[in-house]
Amino acid sequence: MRIGIDLGGTSVKAALCEEDGTLLAKQSTPTRTGDAAGLCADMKLLALALCGERGIAASQVTSIGIGVPGSFDKETCTLKFGTNLGMNNVCFADAFQPEFSCAVQLDNDANCAALGEATAGAAKNARNMLMVTLGTGVGGGIIIDGKLYTGCNGIAGEMGHIVIQRDGEPCNCGRKGCLEAYASASAFVKFAERALAEGRESLLSKSAGHLDAKMICDAVDAGDLLARELFDDYCENLSSGLASYINIFQPECLVLGGGLAGYGEKLLEPLRRLTTPQTFRSDKCNTEIVCASLGNDAGLIGAAML
């Protein structure tokens, strides 16, 4: 048995999984931000509660994995900077002792989501896959030959920070023209607000200053011309990044996650149409672009599989 934990700024979620990633049970508790000792105690209590729920001994748990936001040290299982959690330099290596004697693993929450989708989700059975998450930023993870790839320093997989337009829009990372500055949900909204401020007519005008990505997608469905223009531009920009990923990695599957992936086939159809002509393809393997299927469970299952 394996246990996966997803540390979030609002809640701590934990799941008990079988060795193949099958989710058996899950529980959660509010995050005690700024209280490292309390957080560690809560994680252990969740792990023990999961074992009790399924009637198994703590000794039957073979590994515990934790998905974290922020920077970390995998070797020492230490969260270095957890801004959203209100704590830094927290070591989780011994947090589950003495009840659990198994190894504790730590990784980025986006990497865990990618591993979850590769293990039991939309990319199940794919040996090589990429996940791209479309939320406040653009994140993701890389799976090569069935294993999570994190580079020489553990931080590979910053999918949003390839440049698609030289000297383009400023990105939060300090560079200009990054994919994140064009294809995140935040960027989608930014361009819409900018167009409305310039006086463009749209159904979106009534929500100016308070837009979100779903509102723009709903306006596309309603036939709004500005929303359609914004969406078409968004897909053009995102396809540029996806084509680069495919040409570099040639994965069997590219999984889209995050809030915008909830638009489903309405997003996938134009992305496939725009991305395909830009990629190197072969009869042996062509990358399939799909939406994530595990939702919030992806990070839990991926953490368990670390």
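This is a predicted model: local features need pLDDT of at least 70, side-chain atom pairs count only at pLDDT 80 or more; totals for chains, interfaces and linings use all residues.
Colleague: Where is aspartate 6 found, and which residues is it in contact with, leaving aside its neighbours within four places in sequence?

Modeller: Look for it in strand E1, residues 2–7. Beyond those sequence neighbours, aspartate 6 touches Ser11, Val12, Lys13, Gly67, Asp109 and Leu300.

Colleague: Happy with that. How many salt bridges does the structure hold, and which residue forms one with aspartate 107?

Modeller: There are 15 salt bridges in the structure. Aspartate 107 forms one with lysine 74, and their closest N and O atoms are 3.2 Å apart. Aspartate 107 sits in strand E8 (residues 103–108) and lysine 74 in the loop between E5 and E6, so this pair ties together parts that are 33 residues apart in sequence.

Colleague: Which residues are linked with Asp42 in a network of salt bridges?

Modeller: Arg32 and Asp35 are linked with Asp42 in that network. Within it, the side chains of aspartate 42 and arginine 32 meet at 2.9 Å, N to O. The two are ten residues apart: aspartate 42 belongs to helix H1 (residues 36–54), while arginine 32 is in the loop between strand E3 (23–30) and H1. Aspartate 42 counts as buried because its relative accessibility is 12%, whereas arginine 32, at 38%, counts as partly exposed.

Colleague: And which side chain meets arginine 127 in a salt bridge?

Modeller: That is aspartate 145, at 3.1 Å from N to O. Arginine 127 is in the loop between H2 and strand E9 (129–134), and aspartate 145 is in the loop between strand E10 (138–144) and strand E11 (147–149), 18 residues apart. Arginine 127 is partly exposed, with a relative accessible area of 44%; aspartate 145 is partly exposed too, at 46%.

Colleague: Let's turn to sheets. In what order do the three strands of the open sheet come?

Modeller: First, the general idea: strands of a sheet pair through backbone hydrogen bonds, either parallel or antiparallel. In this sheet the order is E5-E6-E7, and the pairing is antiparallel. Strand E5 (71–73) and strand E7 (87–91) each have a single partner strand, so they stand at the edges with one side left without a neighbour in the sheet. From one strand to the next, the twist averages 10 degrees.

Colleague: How many bridges pair E5 with strand E6, and which residue stands opposite serine 71?

Modeller: E5 and strand E6 (residues 78–82) pair over three bridges. Opposite serine 71 you will find phenylalanine 81 in E6.

Colleague: Last one: at what angle do the axes of helix H2 and helix H8 cross?

Modeller: Helix H2 (residues 109–120) and helix H8 (residues 297–304) cross at roughly 85 degrees, their axes coming within 6 Å. Angles of 65 to 115 degrees count as roughly perpendicular, and H2 and H8 are therefore roughly perpendicular to each other. Among the residues that meet are Cys112, Ala113 and Leu115 in H2, and Ala298, Gly299 and Ile301 in H8.

Conventions: Residues are numbered from 1 along each chain as its sequence is written. Side-chain values use heavy atoms; hydrogens and water are left out. Helices (H or I, at least four residues) and strands (E, at least two) are DSSP runs, numbered from the N terminus. Contact means heavy atoms within 4.5 Å. Two strands pair if DSSP finds at least two bridges between them. Axes are lines fitted to C-alpha atoms, for helices over the stretch in contact, and angles run from 0 to 180 degrees between N-to-C directions. Angles under 35 degrees count as roughly parallel, over 145 as roughly antiparallel, 65 to 115 as roughly perpendicular and the rest as oblique. A salt bridge is a side-chain nitrogen of Lys or Arg within 4 Å of a carboxyl oxygen of Asp or Glu. Buried means under 20% relative accessible area, exposed over 50%, partly exposed in between (1.4 Å probe, protein chains only).
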